[in-house]
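My notes follow as numbered points, with the sequence and structure shown first.

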Amino acid sequence: MSVIYIVLPLALVLALVALGAFIWSVKGGQFDDLSTPSLRMLHDDEQIRKADEDDENDADEAKKN
Amino acid sequence: MVSSQTDNQQTKSSAKPVACDHCGLPVPRGLINESADKQFCCNGCKTVYEVIHACGLDPYYSIRQRAEDTGQLKKQKASTSSRKYSEFDDDKFYELYCQRLDQLRAITETESQEDMDETSGGRFAIDFYLEGVHCAACVWLIEKLPMVCDGVLEARLNLGKSLVRITWDRDTVELSKVARMLDSLGYASHPAQGSEARLIRTREDHKFLIRIGAAAVCAGNTMLIAFALYAGMFSWMEDQHRELFRWLSLAIGVVALAWPGQIFLRGAWAAIRTKTPHLDLPIAVALVAGTIAGAAHTFRGVGEIYFDSLSVLILLLLVGRWFQHRQQRNADDAVQLLFSLTPRSARLVDCKEQDESNITQLFDNSECEVREVPIEGINENDIVEVRAGGVFSVDGDVFAGKSSVNEAILTGESRMRDLVVGDHVCAGTVNESATVWVKVRQAGEGTRIGKLMQFVEKFAREKSPSVALADRIAGYFVVIVIAIATLTWLSWMFIDSTVATEHAIALLIVACPCALGLATPLTIASGIGKAAKLNILVKGGSALEKLAKPGRIYLDKTGTITKGQTTLRSFSTTSTQNKSFTDTQLKAAILLIEQQSSHHIAKAFVEAFCADDSIVDASYDLKLGEVEQLPEGGIVAEINNKQIVIGAKRFIESRNITTNTNVDEYVNSIINEGLTCVVIAADNKITAVAGFGDGIRNDSADAITQLKQLGWQVGILSGDGQEIVDEVAQHVGLNDRNTKDEIKGGMSPEDKLNVVKDHEQSDALTVMVGDGVNDAAALAAADVGIAVNGGAEASLSAADIYLAQPGLTGIVELLVLAKRTTKIIRKNLLISLSYNVIAVLLAAFGLINPLVAAVLMPISSLTVISLAVGGIWIGGKRRL
């Protein structure tokens, strides 16, 4: 059972890594606003493309005019 | 757009409402444009739709639709203004609200650092508080700003707070243009006040969260170790492993106490130093006793270690506190952001010539220009322009122009005061009817309102903090527990001196009021959360606790019981009816005419008559001719080729329209009631007389009856004249003999403060409800100050609670909620104390062992948590 002398400190190191990651995310402001990001991810990618196309279309039309 | 046109046709036949193509609200029938593809309920929606479409942001509507389908959307009209926001480009403004972000630029560009400091350009960031943000689609739209506005680098919206952070490049775009773009999308922007304070608080939040994280790591690991140790008790375990586990447990336990647990030790120390009881004290006693005993047992190699329970305890208590802290912060932030809505700019008049004697003439010759500048950039003797409907931002004298001013916010007086050249005006009051120019005497902190604010701040600081119920009990608790512990120790010394210390320490540990420490913050947090759902912002938990017991409640009149604006109170046609118009036609005619004016009386007429569909319908059949507003105080207009004159009695007489005794009598009776009288004449004959006053809110009478039923003594403190106050009191059912003394008119801010302070000395609770600056001092001095919707900045900062909805119904809801919250806190106190009594008794007789403690603690915690959270939300629905 001497493996415990390695495994137990290892478990503690893992916990410390997790704590480090948590501190990093808190300081990065990831917990500052809990409601908006959930909405943001719902429509980000797909809609940007649409808007881009519209912009291009508008620009094209402007050129024609 | 075939579909909307068929909609229109249907409207004509079956009156089916047409939905606005921007906001989805029904379009008023008068605004339906049958030839257009799209229908809009107002100009704001139309403008916003056009801008969105022109920028290619149409996907907004599909996102909006999705939000609407999932029921997350509250429909609201978009409103735009033609504000120029030019004050946003002022250097003073940059200094006050903008942060410079130049580091990035220095890397990407080859310019040297010195060159950059010389230019005024560069990257900046600002927090704007936006009006009109309401759904997921707004997030999308606002964050697309960099795509439609060159030079904007990023826009990040916090939906909960309506706060957007904009990063932009000053070389490419001016901030005023960004603000105008936001405005044209329907979001009026205000620079957010208190950015620095918010930053500090965000850092505090981060610290708190990290503390919780650390506590969780400690708790998780000690629990794992404890699990192994408990398992080892029943099965075989090598001694060296057991020792290792115990030493590791000690190490983690000490970390837990020294890092996340420190907050309790500090709290306890502060409680001892200031000699105020605090819940931290018994908690700290248990934590320290447990750690010392555990450490001693680890060194000796025998006996219980308590580190698993202790670190879990620290985690749970921190989590409970975090919930309360966050709810209070949310309310506080929301109130803070409301400050941002108060105008921070003034329209400064710059004249090339120093001779400003005839300003209007100078304007005609365009020798003067008007610039918007931040208030901070205004100096004495500057000339400031204030438009109709605008707020005076400085103290000063009217220099040119003629208008009327609404000083309700300062004096509580609901009647308008006429302004002529030379009159003094105060910052914070509202210019009602026409543009005036003011010569500045004082700006900023030197103004009367600024001085009042300082007074209020001083008062709020001096107010002694109240001791929460749980903390008061904790005071006795410590004394009793330590007494029993000593007694236990002494008794066991006679029986078996080897175990005496152990039993006494076990008692100290199990007596830790963990359920209490967890339940109170959780209950208050759910109470505040529930209040926020009801549009009531509670800034501190103790206010809720205090409101549970009925006492004395003083209401301000103007803006609290009443609407605080002119409304039509009586309208009657005279007996000598003119046959040119029927009653409805006459009202329709007045509606049409008054829509052309911005006078407060005109607005009141429009508001009153617009609500009646038959009048609106009748107005479509009338033909409005020329409308002339005369400076003497009246309007002359033509309807269906007949002349209609609306104005004060004097004005009517001056136009050679004869009155009779009947009319005179009626006019006098209206004036005697404290109302403003307006006479209407058609075809040179007086046809109607109208009375105007401050309209009582619809819910006031009901709310006051309910307040009385709840056992509160209701009084009115108003700056208005006694006879007006009496009339209002009569309307809301406060005219019986008991309350007669508490209906007080003609009160100055100092009088109000004194009334509140006098009652402060008696034991009964005093609550002040108000909205104006004139109430601010009393709000700060009262046990609980409640500011109502539409209030001035000063009253917001002075009050403990802010009602974000108009009317008094919110107060009744608040009081019921406060009662329920306190009831649950008490229930929880009882439950957790009885658990403690059982545990302490067991410990005193030496019957406690870690297993019993391990079972008792989670059970008691679970009971109180479920009561705290469930009691407010589930029970709340039933009663409210």
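1. Val48(B) counts as buried because its relative accessibility is 0% (buried means under 20% relative accessible area, exposed over 50%, partly exposed in between, with a 1.4 Å probe and protein chains only). Val48(B) sits in helix H2, residues 43–54 of chain B. Helices here are DSSP runs of H or I with at least four residues, strands are E runs of at least two, and both are numbered from the N terminus.

2. What does Val48(B) touch, leaving aside its neighbours within four places in sequence? His22(B), Ala78(B), Thr80(B), Ser184(B), Leu185(B) and Gly186(B) are in contact with it, where contact means heavy atoms within 4.5 Å. Take Ala78(B): 30 residues separate it from Val48(B) in sequence, yet their C-alpha atoms are 7.1 Å apart in space.

3. Before going on, please keep in mind that this is a predicted model, in which local features need pLDDT of at least 70 and side-chain atom pairs count only at pLDDT 80 or more, while totals for chains, interfaces and linings use all residues. Residues are numbered from 1 along each chain as its sequence is written, chains are lettered from A and ligands numbered from 1 in the order in which they are written, and side-chain values use heavy atoms, with hydrogens and water left out.

4. Now the sheet in chain B. Six strands form an open, antiparallel sheet in the order S17-S22-S21-S20-S19-S18; two strands pair if DSSP finds at least two bridges between them. S17 and S18 (624–630) are the edge strands, each pairing on one side only. From one strand to the next, the twist averages 20°.

5. Strand S22(B), residues 685–696, deserves a look of its own: eleven of its twelve residues are buried. S22(B) pairs in the antiparallel sense with S17(B), residues 562–573, over eight bridges, and Thr573(B) stands opposite Ala688(B). S22(B) also pairs with S21(B), residues 676–682, again antiparallel, over seven bridges; there Val678(B) stands opposite Ala690(B). The hairpin of S21(B) and S22(B) has two residues between the strands, and Asp683(B) takes a positive phi near 55°.

6. Which strands does helix H24(B), residues 600–610, lie across? They are S17, S20 (642–647), S21 and S22 of chain B, and H24(B) runs at about 70° to S17(B). Axes are lines fitted to C-alpha atoms, for helices over the stretch in contact, and angles run from 0 to 180 degrees between N-to-C directions.

7. In chain B, helices H11 (residues 239–258) and H14 (residues 307–339) pack at about 25°, their axes 9 Å apart. H11(B) is therefore roughly parallel to H14(B) (under 35 degrees counts as roughly parallel, over 145 as roughly antiparallel, 65 to 115 as roughly perpendicular and the rest as oblique). Ser249(B) and Leu250(B) are among the contact residues of H11(B), and Phe307(B) is one of those in H14(B).

8. Finally, a pair between chains: helix H1(A), residues 4–27, packs against helix H10(B), residues 195–234, at about 165° with axes 10 Å apart. H1(A) is therefore roughly antiparallel to H10(B). Residues that meet include Leu12(A), Phe22(A) and Lys27(A) in H1(A), and His206(B), Leu209(B) and Asn221(B) in H10(B).
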